[in-house]
2 protein chains.
Amino acid sequence: MKKWLNSVLIFVASMVLAGSAASAQDASAPALEPIQPIEMPTDLDMPKVELGKKLFFDPRLSLSGWISCNSCHNLSMGGSDNLVSSIGHGWAQGPINAPTVLNSSYNLAQFWDGRALTLQDQAGGPIANPGEMASTHTLAVEVLNTIPGYVEEFSAAFGTVPIDISMVTDAIAEFERTLVTPDSRFDLWLKGDKNALTEQEIAGYELFKVTGCIGCHNGPAVGGNAYQKMGSFNRYETANLATGRIAVTGAQVDRLRFKVPVLRNVELTYPYFHDGQVRTLEAAVNTMVWVQLNRHFAEAGTAKIVAFLKSLTGSQPSFTLPQLPPSGPTTPAPQPFGP
Amino acid sequence: MKKWLNSVLIFVASMVLAGSAASAQDASAPALEPIQPIEMPTDLDMPKVELGKKLFFDPRLSLSGWISCNSCHNLSMGGSDNLVSSIGHGWAQGPINAPTVLNSSYNLAQFWDGRALTLQDQAGGPIANPGEMASTHTLAVEVLNTIPGYVEEFSAAFGTVPIDISMVTDAIAEFERTLVTPDSRFDLWLKGDKNALTEQEIAGYELFKVTGCIGCHNGPAVGGNAYQKMGSFNRYETANLATGRIAVTGAQVDRLRFKVPVLRNVELTYPYFHDGQVRTLEAAVNTMVWVQLNRHFAEAGTAKIVAFLKSLTGSQPSFTLPQLPPSGPTTPAPQPFGP
């Protein structure tokens, strides 16, 4: 069992036993906190990371030659596009808010309905989705195999060519594993720097736990490790048609159940919820405590929680903008407006 | 008079006097070459550069919140989008091929028809063009003035707020002045490193001069300093409707006269010509010598010129992907699909 899940269970048990959240206030015992510092992986395959970084920024993976992974998971903007729902090929309107790619390696599965079990599995989806990048795996691979710089780099990273789609998604996933945001002020506080948070932020964290937000938003990513019904207590009104995890399982119990979003960097990943209908953290907090927990906060309570949430903004990915190898003479031309 | 223009005149005079291009082969006298090494400016205003870099990558300057300067002048792809013509708001099809932003500070004016005299003047165009970023200067400035991080950074860089559009375009232009690509192999050769070029590349440069390409493509940017009719000798067939500089001057003599494009990094800035109809350097060279110079090359001649042109690829812009400040509570929401 994962260490952080152990910690959550110990924390819940300690709340039951002690009848309070007092133990969580003891910064000298961070192992008992239900949120743990988030850390960069140490087992990265760097040639694949560097290759995946280029692919993440390469619009030639789309039919138009204009949309890259970074178009909707913008690493200058919290790994999101800050839109209600994304824009795809031909200016198609996406059906759901694009989740941040930051810390997505900590998700139990990918997409709001968890239909991809791995980052690698996810990466293949948008490339071939007609409303997103609108290419096909066949075409994307043909494009890459006709770009001499890519052939060389794939050969070095994988030891073999021609390039196939599993190599493409493997490299993208390996790059995405680097998109972790450590060293937030909250994490510094968790690690023992008691001055890293203000009193209001600490009070917000306590309120986050006592109110029950922590029941779903826990672990190192402060979410991403469970599915929950949107509207557990009270109905969440939305015009959005997404049905949630039932689309994957077919089980009625999964209707409107979505993956709990990661709250790391939530200050940057507006607008909120699967329908992207809420623009401010204050409104998001108030909606959530009502529909999920049947509670109302006074303004001061909301402000405390928001202050805590903003302390979860970590070090953003920092790297040199990649340079993409030029197309070759036989590379299929982009088709933004049809053949 | 600019030093490089002097050099061009001296070069032309030397050709006339000597009846040959022999003097240009003497690498110990680089001052006589009609192309000069390109260099980074030394008088940069760094706070404006850093601010302009963020603005260049910020899609909130567009109505949709999705299109940034970098969308069509992609600094991972030679400062271009490698499309026949660009995609704009609502998937609008642009009327002309997007010129590279690299080394654009060396252009005598901006846009193919030179309708903007300065980089600052150019930067305001696409923001407010309904077929490009589709915002207005009023809206763009309102967006920026409601983003606390930008208000702080503009205040520091300009000493005053509120932000106005001239500050926005000034910062973008100052960043664009850094987008110079020095240290190409050709420049190293110009500076005296005789091993920097192959024999074929040197032969290509000689052919480039002797054939007359150098008449328009000269100076440090290898172009960008004159207008010329597309089809001086023989008609250039195209379905593109752009009329050229006549749109600015109203003078019949300017019909189909376009700014001579910069050839620095031309290997990266395909497809070619104002209509983007030519995908390979070989085809571009063959078309140009026919329509501009009434010549035909044998295959070996084309190959030499192309080899020379590829030696003009310089050091690409290298910087850390910027992080954009998050929107504030009153920042106008993007409107990708209408209000």
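1. Pro95(A) lies in the loop that runs between β2 (92-93) and α4 (119-128) of chain A, where helices (H or I, at least four residues) and strands (E, at least two) are DSSP runs numbered from the N terminus. Pro95(A) counts as exposed because its relative accessibility is 66%, the term exposed standing for over 50% relative accessible area, buried for under 20% and partly exposed for values in between (1.4 Å probe, protein chains only). The C-alpha atoms of Pro95(A) and Gln122(A) are separated by 16 Å, the two residues being 27 residues apart along the chain.

2. This is a predicted model, in which local features need pLDDT of at least 70 and side-chain atom pairs count only at pLDDT 80 or more, while totals for chains, interfaces and linings use all residues. Residues are numbered from 1 along each chain as its sequence is written, chains are lettered from A in the order in which they are written, and side-chain values use heavy atoms, with hydrogens and water left out.

3. Asn70(A) belongs to helix α3 (residues 69-72) of chain A and, with a relative accessible area of 11%, is buried. Leaving aside residues up to four places away in sequence, Asn70(A) touches Phe56(A), Phe57(A) and Leu75(A), a contact meaning heavy atoms within 4.5 Å.

4. In chain B, helix α2 (residues 46-57) and helix α7 (residues 165-176) pack at an angle of about 100°, with their axes 7 Å apart; axes are lines fitted to C-alpha atoms, for helices over the stretch in contact, and angles run from 0 to 180 degrees between N-to-C directions. The helices α2(B) and α7(B) are therefore roughly perpendicular to each other, a term that covers 65 to 115 degrees, whereas angles under 35 count as roughly parallel, over 145 as roughly antiparallel and the rest as oblique. Residues making the contact include Leu51(B) and Phe56(B) of α2(B) and Ile172(B) and Phe175(B) of α7(B).
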